[in-house]
Amino acid sequence: MPSLRRRGATRLAALTLATGLATTGAIATAGAAAADDVPQHRGGATAMLGGLQTYDQAVIRDHGASQRVPAGLFEMSVDDGGTLQTYCIDIHNPTQKDAKYEETPWSGTSLNGNKNAGRIGWILRNSYPQVNDLATLARKAGTRALTEQAAAAGTQVAIWRYSDGAEVEAVDPQAEKLADYLYKSARDSAEPKASLTLDPPAISGRAGERLGPVTVRTDADAVSVTPPADSAASGVKVVGKDGKPVTSAANGSQLFFEVPQGTPDGSAALAVQASTTVPVGRAFTSETRSQTQILAGSSESTVSATANASWAKKGAIPALSAEKNCAKGGVDITASNKGDQAFTFRLMGFKHTIEAGTSRTVTIPLQEDQPYDFTINGPNGFEKRFKGVLDCKTEGSTIGNKTEPVSQPSPASAGGTGSGDLAETGGSSATPMIAGIAILMVVLGAAAMFLLRKKKAPAEPSED
């Protein structure tokens, strides 16, 4: 028996060592060198989560267990002005205090592949707060009256049934009747368009050429156009199809970077901004693993987008953009090359080549909930950095995992600290490495002490 135990302990130590080293390797990979960040936010509203503002209670049931949770409307403060009201579509994850959210296509969220996503859109347009005549809403639901709290809770419960497939009921009987009415009445509808995007978000070319076009997509009446910050010194201008400088644009407008002949190799960015109401049904995600939200209402809010251009005299001239692709379980990196030589880069052990004059999209596969942080290098010191978290699924038990929605977000913030898994994406880029090394040292130390104690222990009498 002692020999069997020693072999078991040895296997444990070996497994612990291998696991520890593998974890450290994964964490080390995430600590990429500093470089220009490539925004994966394709444009629209960015906002900070406040908390649940109008809500009641619901009960989630899972494998015979039950748990009561608050259910209702969240409120967000939009950067540079505006307020959003949202419902949760990610019941298995927590909210985080002051988490930063960005308007996101359904393809980058758990709604991708959800055949009932359009029904959620119908619920949002046909219930509170879009329908604020609660007496009429109550009659449709077959109940005598609805408070704002009950209306919000009933709407959230109906959404959860479609977004998460959850077995959930509202505690208030009137709210439950509303949830049943909405769930049974919902019909399919299309994903709403983004409030503001620039397509493509990155372009390239040669100095002396007009680089573009970059097309404005928006539901706003007009957008303001801000040229590159150093345009006066560099001579780089943002112009329209007619070659004239532009300071405003509309949906469908085409913008170009006009780079004078002889301009040194470099890059520039333009920004567009507008004030509009964000379309109901737009999804909002956070890079801090805070619950994915879906828009229920919007005040007049500020929305924005940026596009980048790079140019060179010769060689490869790459342009890179990135977007989450939940259908393929990864991040799509779109690389174009307007130069006269191939652009080759390595990423996650694979070599990718973009021939001169071509464009290609490469999908980098990632595990669910996996933080990523990697840099692509190119000619003339070209560096672009991509980082984020892949959050494409709603899964796991809602009972006892401490990830239920709360009336006030949990303490772990986008850049702060917290307990449990909530803090894994916070802190500086060095935090994961330090944590990984600390965990490795702890487990190795524990394994060593275990083996040492077993070695010093007196032999046990034979059972034969």
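Let's start with helix H2, residues 117-125: seven of its nine residues are buried, so the rest of the structure largely encloses it. Buried here means under 20% relative accessible area, with a 1.4 Å probe and protein chains only. Helices are DSSP runs of H or I with at least four residues, strands are E runs of at least two, and both are numbered from the N terminus. Keep in mind that this is a predicted model, where local features need pLDDT of at least 70, side-chain atom pairs count only at pLDDT 80 or more, and totals for chains, interfaces and linings use all residues. Residues are numbered from 1 along each chain as its sequence is written, and side-chain values use heavy atoms, leaving out hydrogens and water.

Which residues of H2 are buried? They are Ala117, Gly118, Ile120, Gly121, Trp122, Ile123 and Leu124. These pack against strand S4 (83-88), helix H4 (148-163), helix H5 (173-185) and strand S16 (293-298).

Now follow H5 to another partner. Helix H3 (residues 134-141) packs against H5 at an angle of about 70°, and their axes are 9 Å apart. The two are therefore roughly perpendicular, a label for angles of 65 to 115 degrees. In this contact (heavy atoms within 4.5 Å), Leu137, Lys140 and Ala141 of H3 meet Lys177, Leu178 and Tyr181 of H5.

Next comes an open sheet of five strands, ordered S8-S17-S14-S10-S12, with mixed pairing. Two strands pair if DSSP finds at least two bridges between them. S8 (202-206) and S12 (248-249) are at the edges with a single partner strand each, so one side of each has no neighbour in the sheet. Further in, S14 (residues 266-276) and S17 (residues 301-312) run antiparallel, joined by 11 bridges.

Notes: Buried means under 20% relative accessible area, exposed over 50%, partly exposed in between (1.4 Å probe, protein chains only). Axes are lines fitted to C-alpha atoms, for helices over the stretch in contact, and angles run from 0 to 180 degrees between N-to-C directions. Angles under 35 degrees count as roughly parallel, over 145 as roughly antiparallel, 65 to 115 as roughly perpendicular and the rest as oblique.
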